[in-house]
Structure formats: C-alpha cells, structure tokens
Amino acid sequence: MSFTPEGPIGIDELLERVREGLDRVEVAEAYEAALAGEALLVDIRYAALRDRDGLIPGALVVERNELEWRLDPQGSHRAAEATSHDLRVVVVCNEGYASSLAAASLRQLGLHRATDLVGGFQAWKAAGLPVTMTA
C-alpha cells in the first residue's frame, strides 16, 4: 500500500487500505511473541499517556515522530534493537489506530514483518497483561 492514493480519500479509507496489508496481532499473540523473543513491541504513545497508564514491560519506547529513524536498521540514529529488516515489530499506540499507519510506514522502509497491536495499549491493559507504572 502506497501512501499516495489516486485521489483524495478520508482517514477511514486510508486506515482500511493500510490494514489490508498488515497481519495485525491480538494481545495474547503479541504477549507470547514478545516473551519468546520473536517480536519487538514498540510503544509509540506520547509521554502523558505512558505516565497515566503505564508501560508494557520490555517494550521499546519510541515516540511516533522518531519511529522511522529509530527502527531503520541502516539508519545512523537506529535503536540497538533495530538489527535487521527481518525483525518482527509490533507497534503499540493507545487504541490501535495510529499504530496501523506507523506499521505501514515501517513496511515502506523494508521492515516487511512490521505490524500493529489490535486495540493498542488499552486492549493490552484490559486483557490483564503486565503493565508497569512509570516513576
């Protein structure tokens, strides 16, 4: 999916198109994959939400505006975890909307296994999965 549509579209249609190209994951699958070391969870929520709701233990925190620079395995500003274009990245936002667009952007960089978490952090928390509060 390219971000250059043939004509104007609304955000709902863009989101639908983007999600067609993603193998989105549910919270249980993301939890198991992270525990097994098979996926890197990347939290793109802004600081106020992290402070209010907490963090997923072990998730890499990268604010949305830095995501592509930090996850590009060829980039000079990459995070240590960004080791390969084959890395399975599960992007986590607050409710699972912005993360879909972010995952599509990572795919454009060649991270072909990038996807996002259905329902975002709120679904993770609602499922009773581990959350740590920030200090």
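The model is predicted, and local features need pLDDT of at least 70, side-chain atom pairs count only at pLDDT 80 or more, and totals for chains, interfaces and linings use all residues. Residues are numbered from 1 along each chain as its sequence is written, and side-chain values use heavy atoms, with hydrogens and water left out.

**Overall fold**

Six helices and four strands make up the secondary structure of the chain. Helices (H or I, at least four residues) and strands (E, at least two) are DSSP runs, numbered from the N terminus. Read from the N terminus, the order of elements is α-α-β-α-β-α-β-α-β-α. The C-alpha trace spans about 45 × 30 × 25 Å along its principal axes. The radius of gyration of the chain is 14 Å, which agrees with the value near 14 Å for a compact globule of 135 residues. This radius is taken over C-alpha atoms, and the globule rule is 2.2 Å times the number of residues to the power 0.38.

Of the 135 residues, 41% are buried. Buried means under 20% relative accessible area, exposed over 50%, and partly exposed in between (1.4 Å probe, protein chains only). Among contacts with a separation of 6 or more, 66% join residues 24 or more positions apart; contact means heavy atoms within 4.5 Å.

The accessible surface comes to about 7,200 Å², and carbon and sulfur atoms account for 50% of this area. Such areas come from the Shrake-Rupley method with a 1.4 Å probe; for residues, only the protein chains shown count as cover. The chain carries 13 positive and 21 negative side chains, with the centres of the two sets 3 Å apart. Lys and Arg count as positive and Asp and Glu as negative, while His and the chain ends are not counted. The place of a charge is taken as NZ of Lys, CZ of Arg, CG of Asp or CD of Glu.

**Annotated region**

An unreviewed UniProt entry places the feature "domain: Rhodanese" at residues 35–133. UniProt positions are given in the numbering used here, feature names are shortened, and annotations may be inferred rather than shown by experiment. Over residues 35–133 the chain is 31% helix and 12% strand, and the end C-alpha atoms are 19 Å apart.

**Helix H5 and Gln108**

Gln108 is found in helix H5, which covers residues 98–108. With a relative accessible area of 46%, Gln108 is partly exposed. The buried residues of H5 are Ser99, Ser100, Ala102, Ala103, Ala104, Ser105 and Leu106. They pack against helix H1 (11–20), helix H4 (67–71), strand E3 (89–92) and strand E4 (115–116). Just after H5, Gly110 takes a positive phi of about 100 degrees.

Leu41 sits in strand E1 (residues 40–43) and is buried, at a relative accessible area of 4%. Beyond its neighbours within four places in sequence, Leu41 contacts Ala30, Ala34, Ile56, Ala59, Leu60, Val90 and Trp124.

Val131 lies in the segment after helix H6 (120–126), and its relative accessibility of 28% makes it partly exposed. Not counting residues up to four places away in sequence, Val131 touches Asp53, Gly54, Leu55, Pro57, Phe121, Trp124 and Lys125.

Arg24 belongs to the loop between H1 and helix H2 (27–35). Its contacts, leaving aside neighbours within four places in sequence, include Arg19, Gly96, Ser100, Thr115 and Asp116.

**C-alpha separations**

| Pair | Separation in sequence | C-alpha distance |
|---|---|---|
| Gln108 and Arg17 | 91 residues | 14 Å |
| Leu41 and Phe121 | 80 residues | 11 Å |
| Val131 and Trp69 | 62 residues | 26 Å |
| Arg24 and Ser100 | 76 residues | 8.3 Å |
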